[in-house]
Amino acid sequence: MSAPNAPNAPITQDVMTIPRKTPEGPINLVGMTRERMRDALIEAGTPEKQARMRAGQIWQWIYQWGVRDFAQMTNLAKPYRALLTEHFTIGIPEVVSRQVSSDGTRKYLVRIAGGHEVEVVYIPEEDRGTLCVSSQVGCTLTCSFCHTGTQKLVRNLTAGEIVGQVMMARYDLGEWPVPGAPKDETRLLSNIVLMGMGEPLYNFENVRDAMKIAMDPEGIQLSRRRITLSTSGVVPEIARTAQEIGCQLAISFHATTDEVRDVLVPINKRWNIEELLAALASYPKVSNSERITFEYVMLNGVNDSDDDARRLIQLIKDHGIPAKINLIPFNEWPGAPYKRSSNNRIRAFADIVYKAGYASPIRTPRGEDIMAACGQLKSATERARKSRKQIEAEAGLNG
């Protein structure tokens, strides 16, 4: 079946950025780079000679121990703690609601500055615990199969709001270490995937700064190999990601021809499959990543044929990209304009990929009963039911 008519929706919504006034009162230290924290401490009256050391101490209290009260920072003098309390705060997103799925998946609705809300998902597995983090309120993209993409973009999240999601989950899981206690290497939250609401590479600097904090050896201490950034294909920022973050990369690929990908992932009209694959070819070398993950959502009659599987393999082989292909059964949502491929069709597709020498895991949908699965994230405030016709019109599928 050929792709539906191309959507009339813009590739990215026009976004007017209104500079936010610096809030009156204490300044939030969460999300600052080390250099910025040092400068902020000097501005608040810390002697310049001590500022780097003080920043290092505070950094450890916040990110290694999860302490949010300056009074508990016992290696700082009491008068200095009072100075910090007067000028600064350690603020993270506020949990509005927390749902736990029958499979153990946790979905949090969190509120950030301005009253906006985003969703964060924690997925426990036998050998890891993965936190799916959001990078924008809403989304810049209009991918026609994604429920999150039916929201308008409100704004980018700050570095503090991004790393704050990781901190929030660690509090909820009760896994901040206790100073002086024996070191426990087991991690409930061991992996981060930037696959929540938004396109991370349209918010590059804030995502980079947040992930550098998560990777800092004196803080949350996650290895760059345990962080995966998922992009729909913002080609100019892919090389920067390799150089400035160096994490694992996943691509929302989902189609093997430009005709179909233009509809499913409209950013393809700006950077097509050939341009995207050319950018991906050099990524593993620059970032020392082992391989790139191709995410491929299985849509009945749209992108799931044997020919699609063979084309996908050929595209990856032709560009010499070390890859694994993650097959994602489509997570249907109310009014979704697509259907999930049958289990037999998904298995047949996976078999072709596997026999060609590529790992082809079929993702087990998680948290479907609480709308926490891929493509279903949508803030509760936006969840007013729309008719199928309205959703199809917004996705440009009934032209």
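**Strand pairing**

I began at Leu131, which stands opposite Ile192 in β9. I note that this is a predicted model, in which local features need pLDDT of at least 70 and side-chain atom pairs count only at pLDDT 80 or more, while totals for chains, interfaces and linings use all residues. Residues are numbered from 1 along each chain as its sequence is written, and side-chain values use heavy atoms, with hydrogens and water left out.

For the elements I kept to DSSP runs numbered from the N terminus, a helix being H or I over at least four residues and a strand being E over at least two. I took two strands as paired if DSSP finds at least two bridges between them. On that basis β6 (residues 129–132) and strand β9 (residues 191–194) run parallel and are joined by three bridges.

On β6 I also looked up the partner β5 (residues 117–124), which runs antiparallel to β6 and is joined to it by four bridges. Here Val121 stands opposite Cys132, and the two strands form a hairpin with four residues between them.

I then checked which way the residues of β6 point, and found Gly129 and Leu131 on one side and Thr130 and Cys132 on the other, all of them buried. By buried I mean under 20% relative accessible area, by exposed over 50%, and by partly exposed anything in between, with a 1.4 Å probe and protein chains only.

**Positive phi**

I looked for positive phi in residues other than glycine and noted Gln221, with phi near 60 degrees. Gln221 lies in the loop between α5 (204–215) and β10 (227–231), and it counts as partly exposed because its relative accessibility is 30%.

I noted His254 as well, a residue other than glycine whose phi is positive, near 70 degrees. His254 sits in the loop between β11 (248–252) and α7 (258–264), and at 4% relative accessibility it counts as buried.

**Salt bridges**

I counted a salt bridge where a side-chain nitrogen of Lys or Arg is within 4 Å of a carboxyl oxygen of Asp or Glu, and the structure holds 22 of them.

I looked up the salt bridge between the side chains of Asp216 and Arg34, at 3.1 Å from N to O. Asp216 lies in the loop between α5 and β10 and Arg34 in helix α1 (residues 34–43), so this pair ties together parts that are 182 residues apart in sequence. Asp216 counts as buried at 11% relative accessibility, whereas Arg34 is partly exposed at 30%.

I next turned to Glu35 and Arg52, whose side chains meet in a salt bridge at 3.0 Å, N to O. This pair links Glu35 in helix α1 with Arg52 in helix α2 (residues 48–63), 17 residues apart. Glu35 counts as partly exposed, at 40% relative accessibility.

I also looked up Glu295 and Arg363, which meet through their side chains in a salt bridge at 3.9 Å, N to O. The pair links Glu295 in strand β12 (residues 292–298) with Arg363 in the loop between α11 (343–355) and α12 (388–394), 68 residues apart. Glu295 counts as buried at 4% relative accessibility, and Arg363 as partly exposed at 22%.

My last entry is a network in which salt bridges that share partners join Glu205, Arg208, Asp209, Glu237, Arg240 and Glu244.
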